[in-house]
Amino acid sequence: MKKLSAFSALSAAALAIPTQAEVAPTDTSLSYRYSSYQEADAPRERTFTNETGRYQIDIQQFGYRTPIGESWYIASELQFETMSGASPTQTYKNNDGQSTLIMSGASIEEQRVDIKIAPKKYFPHGTAGGLLALSKENDYQSLAFGVDGTLDIFAKHTTLIGSLSVSNDVLSPTDPGLSTARTAADGRKKRSFSIYEGINQVLDKYSTLQVGIGYTQLSGYLSDPYKFEDRRPESRDQVTLSVQHKQFANVLDGAALHSSYRYYYDDWGLASHTVDIKWAQQFNLGRYRFIATPLVRYYTQTKADFYSLEQNPADDQLNSSDYRLSSYGAFTFGFNSELKLEKWAFHFDWQQYTSRETLALFGASDDEAPALVNFSTFTAGVDYKF
Amino acid sequence: MNYHQHNFTAMASPCKFFLQGENALLQQACLKAQAEIQRIEQKFSRYRDSSLLQTINNNAGIKATPIDAETAALLNYADLCYQQSEGLFDITSGILRKAWDFKSKTLPSKNDIQALLPLIDWSSIRWDQNEVFLPKKNMEIDFGGFGKEYAADKAAEIFQSMGVQHGLVDLGGDIRIIGDKVDMTGWEIGIRDPKQPQQAISQITLHDGAMATSGNYERFMKVNNQHYCHIMKANSGWPVNHWASVSILAPQCLVAGSLATLTMLGEEDGLAWLKEQEVPFLIINVDGSQHSNF
């Protein structure tokens, strides 16, 4: 045995071991979700025919996430959707000044398949990720590609976030010979380009703040070929400003208050505000952990410049009676819950969405928009980690 | 004040966090600290094909493996342990498990051990900050001799960096204090009785730092009433048999654990060597006699 102090030598060597950076998740996980989306019936007193039933969508989602090697993590998702029901075709103001809603008839029965793959590489001071998404239904096909990255600075108290994505969609309306709009849309493309820049700041041990700005440019065929008198511009520039705040709170077994605000503006004249608040409350019950999250969201938007309820607008005039381009406001109330037990997690979520012309905070109009939708969603799911 | 306790299993050991503070913070911190321990386990596991350590071993006799700064620093640490123990502590000696099967309750033949000894030679390993190369096929290294203690330190540092001030990390009996109890009365730590490991032979109060124990009771077999434990001398391939257990206090769990193991390896010379280190210790002879400077 050597006579010099092993203790000092080993202590010095131990202190020289570098601190490690953020690491890639190490669990492989499988998940399954079933969601049911149900729109409330349209108001019979405003529909042209007695067709009032709207969309019902069943969604099944399978997720698989796994680490690959030391620093890579891949998330993949496969989703099947079955849609059935009717959708609004046109809203117009009749001679009595009342809005009349024409529904498509319960002819829609569609399937959609989505595939998403997102690899992510973890570096000592950040991450770099990619996204490939493919979506296919019988009248629409979409291919999207994205890259994103994060960079930690100031001893990881600040994170810079950036992402960029492009998509290329192709329309192929069913029965293209049925209307001139469908014929015109058949084979047309829709492209998008999006960029987001954000910064996330740790404010103190219990709270973080993220602000971001996003820009999206859409171009190509942006009208809805299934609607009557729907002629929209061939480009749309959208800007989003967002602020998110997260505050941990020492209530019962731990809680977090998430609040966010989003401002949106586009060159179709549409502007919107969204406020989101949710409270995630944790309960420790022996081996179980239960997280209950009540949430509320308020949304208000002004109408697009070319939104109108004119029954027969001039053919060379931009026009749409799509309720999503009208001025309205909406409330969402929801309750998400998660039960964790070792490698398992079970989810039950419910949300109720209600929208009305009169809930608009800005630019409210006296025109009725009977197509404005109310819906509820219910989700049940399970995750398994190994 | 109540304790927040978080239990899981990693590195083939029960892991426990005992903490005091605000729940919201503690829960966040527990997940991060657990993830850190699991990261270390996966990176340096001998049992996972995808681990860095397994890659290094698979490349033995073939090519060098690129390593990162953490691995290089741990190799440097292992090198120092090798030098300080004059070759008795050697991270290439794990291969002896091929000859020593503690479940069989039979001794390996001298030939079996002789056949493995040429593969045990840390000094033949070429390594620097960027890569490591094991020169002979079938040679292997592992960090089993200090991985658990290193992970306990790293987990405690995660807690400290997140602002947790009161708590301890217990990784299979190796302890690293995050910070004293809220009331400053210290954490009561039991030291196992080597003859009855489920019972404490002594209690100690720790306010900070770490305590690690190396004992002959962790894995062993008795053959012809002789005790053969898992702590092997790298030069002979045979277990030590002088001390039943050595417990050391040091600021870092990693250092405490290595000093304890090196003392076990030093056998009868170990006590004198340990006294020179001027660290608090409790050492128990196989005959049950104790020495301590607590």
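This is a predicted model: local features need pLDDT of at least 70, side-chain atom pairs count only at pLDDT 80 or more; totals for chains, interfaces and linings use all residues.
Figure 1. Most residues other than glycine have a negative phi. Look for B:Asn224 in the loop that links strand 11 (220-223) and strand 12 (226-229) of chain B. B:Asn224 has 5 C-beta neighbours inside 10 Å, so it counts as exposed. B:Glu278 sits in the loop between helix 7 and strand 14 (281-285) of chain B. The count for B:Glu278 is 11 C-beta neighbours inside 10 Å, and B:Glu278 therefore goes down as exposed.

**Figure 2. The eight-stranded open sheet of chain B.** Follow the strands across in the order 1-2-6-7-10-13-14-15, with antiparallel pairing. Strand 1 (4-10) and strand 15 (290-292) of chain B are the edges; each has a single partner strand, so one side of each is left without a neighbour in the sheet. From one strand to the next, the twist averages 10°. Zoom in on strand 13 (residues 243-250) and strand 14 of chain B, an antiparallel pair held by five bridges. One pairing to pick out here is B:Ile248 with its bridge partner B:Phe281 in strand 14 of chain B.

**Figure 3. Helices 1 and 5 of chain B against strands of chain B.** Helix 1 of chain B packs on the eight-stranded sheet, where it touches strand 1 and strand 2 (13-20) of chain B. The direction of helix 1 makes about 15° with that of strand 1 of chain B. Helix 5 of chain B lies across strand 2, strand 6 (166-171), strand 7 (174-179) and strand 10 (210-215) of chain B. Relative to strand 7 of chain B, helix 5 runs at about 15°.

**Figure 4. Helix 5 packed with helix 6 in chain B.** Two packed helices are described by the angle between their axes and the distance between the axes. For helix 5 (residues 147-161) and helix 6 of chain B, those come out at about 160° and 7 Å. Angles over 145 degrees count as roughly antiparallel, and helix 5 and helix 6 of chain B are therefore roughly antiparallel to each other. Their crossing is right-handed. Helix 5 of chain B brings B:Glu149, B:Tyr150, B:Ala152 and B:Asp153 to the contact, where they meet B:Cys253, B:Leu254, B:Ala256 and B:Gly257 of helix 6. Sorted by class, that contact has five nonpolar, one polar and two charged residues.

**Figure 5. A three-stranded open sheet in chain B.** The order here is 3-5-4, and the pairing is antiparallel. Strand 3 (65-66) and strand 4 (126-127) of chain B are the edge strands, each pairing on one side only. Between strand 4 and strand 5 (residues 131-133) of chain B there are two bridges, again in the antiparallel sense. Within this view, B:Arg126 stands opposite B:Phe133 of strand 5.

**Figure 6. Strand 1 of chain A and the strands it pairs with, strand 18 and strand 2.** For context, chain A has two helices and 18 strands. Of its 386 residues, 18% count as buried. Take the contacts in chain A between residues at least 6 apart in sequence: 58% of them join residues at least 24 apart. Strand 1 (residues 29-39) of chain A pairs with strand 18 (residues 375-385) of chain A in the antiparallel sense, over eleven bridges. In that pair, A:Ser36 has A:Phe378 as its bridge partner. Ten bridges join strand 1 of chain A to strand 2 (residues 56-68) of chain A, which also run antiparallel. Here the bridge partner of A:Tyr32 is A:Phe62 in strand 2 of chain A.

**Figure 7. Where chain B meets chain A.** Chain B puts 36 residues into the contact and chain A puts in 27 residues. On the chain B side, the elements giving two or more residues are helix 1 (23-44), helix 3 (69-84), helix 6 (253-266) and helix 7 (270-276) of chain B. Helix 1 of chain B gives the most, with nine residues. By class, the chain B side splits into 16 nonpolar, twelve polar and eight charged residues.

Technical notes: Residues are numbered from 1 along each chain as its sequence is written. Chains are lettered from A and ligands numbered from 1 in the order in which they are written. Two residues are in contact if their C-beta atoms, placed from the backbone, lie within 7 Å. Helices (H or I, at least four residues) and strands (E, at least two) are DSSP runs, numbered from the N terminus. Ala, Val, Leu, Ile, Met, Phe, Trp, Tyr, Cys and Pro count as nonpolar, Asp, Glu, Lys and Arg as charged, and the others, Gly among them, as polar. Two strands pair if DSSP finds at least two bridges between them. Axes are lines fitted to C-alpha atoms, for helices over the stretch in contact, and angles run from 0 to 180 degrees between N-to-C directions. Angles under 35 degrees count as roughly parallel, over 145 as roughly antiparallel, 65 to 115 as roughly perpendicular and the rest as oblique. A crossing is left-handed if the near helix is turned anticlockwise from the far one by less than a right angle, and right-handed if clockwise. A residue is buried if 20 or more other C-beta atoms lie within 10 Å of its own, exposed if 12 or fewer, and partly exposed in between; C-beta atoms are placed from the backbone.
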